[in-house]
Amino acid sequence: MKKFDFPLEAALSLRRRRLENEEARLVRLFRELEDIESARRQLNAEVKREQERVLDMRVVDPSTDIQPLDRYRIYARETNERLRLQIADCQKRVDLERARVVEARQAVEVIDRLKHKRLAQWEREAGKEMEAIATECFLAKWARERKDS
């Protein structure tokens with residue numbers, strides 16, 4: 001009985017590696033997106049803290065200059081907008097990479113289904129071969145016993 005051989009094993013292996021690479025890229029993009037969103041949250045928290053600090057200072061000394069806070073707000077608004085654009089860009093790249101992962105997964109599944117179909121066929125053929133061998137052994141034993149008696 002010959003061993004199971006799947007001629008597309010190399011292609012399946014290649015497609016599995018591609019899927020792993022695409023999934024790894026997607027994970028990196030998710031991390032990048034989380035980092036940008038985290039930076040945006042930190043910036044918003046800093047702006048809030050700075051506003052509270054200046055308000056507290058104004059309670060103590062109403063003549064406290066708020067121009068630095070206004071400049072900081074402008075900087076924060078511009079930075080926030082830049083981060084928002086980065087998030088939108090990263091989200092587009094995430095969506096594209098998700099599509100690539102789905103495509104790569106489907107490519108693996110197509111060959112994997114072919115492999116399972118071929119394996120089932122091989123198992124049926126192997127079963128028939130084993131049955132033929134068992135029948136041949138039985139008949140040989142039966143013929144020997146008949147000859148001996």
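Which residues are linked with Arg-18 in a network of salt bridges? Glu-22, Arg-25 and Glu-103 join Arg-18 in that network. A salt bridge is a side-chain nitrogen of Lys or Arg within 4 Å of a carboxyl oxygen of Asp or Glu.

The model is predicted; local features need pLDDT of at least 70, side-chain atom pairs count only at pLDDT 80 or more, and totals for chains, interfaces and linings use all residues. Residues are numbered from 1 along each chain as its sequence is written, and side-chain values use heavy atoms, with hydrogens and water left out.

The structure contains 14 salt bridges. One of the contacts pairs Arg-25 with Glu-22, at 3.0 Å from N to O. Both residues sit in helix H1, which spans residues 9-60. They are three residues apart, about one turn of the helix. Helices are DSSP runs (H or I, at least four residues), numbered from the N terminus. Arg-25 is partly exposed, with a relative accessible area of 36%. Glu-22 is buried, at 7%. Here, buried means under 20% relative accessible area, exposed over 50%, and partly exposed in between (1.4 Å probe, protein chains only).

Arg-100 pairs with Glu-97, and their closest N and O atoms are 3.1 Å apart. Both residues belong to helix H2, three residues apart, about one turn of the helix. Arg-100 is partly exposed, with 38% relative accessibility. Glu-97 is buried, with a relative accessible area of 2%.

Arg-41 and Glu-34 supply a further salt bridge, at 2.7 Å from N to O. Arg-41 is partly exposed, with a relative accessible area of 46%. Glu-34 is likewise partly exposed, at 38%.

The surface also carries a nonpolar patch. Met-1, Met-130 and Ile-133 form this patch. Together they have about 310 Å² of accessible area. Accessible areas come from the Shrake-Rupley method with a 1.4 Å probe; for residues, only the protein chains shown count as cover. Patches are made of residues with over 30% relative accessible area and no salt bridge; like charges are joined within 9 Å, nonpolar side chains (Val, Leu, Ile, Met, Phe, Trp, Tyr) within 5 Å. Met-130 lies in helix H2, residues 67-148. At 46% relative accessibility, Met-130 is partly exposed.

Key:
Helices (H or I, at least four residues) and strands (E, at least two) are DSSP runs, numbered from the N terminus.
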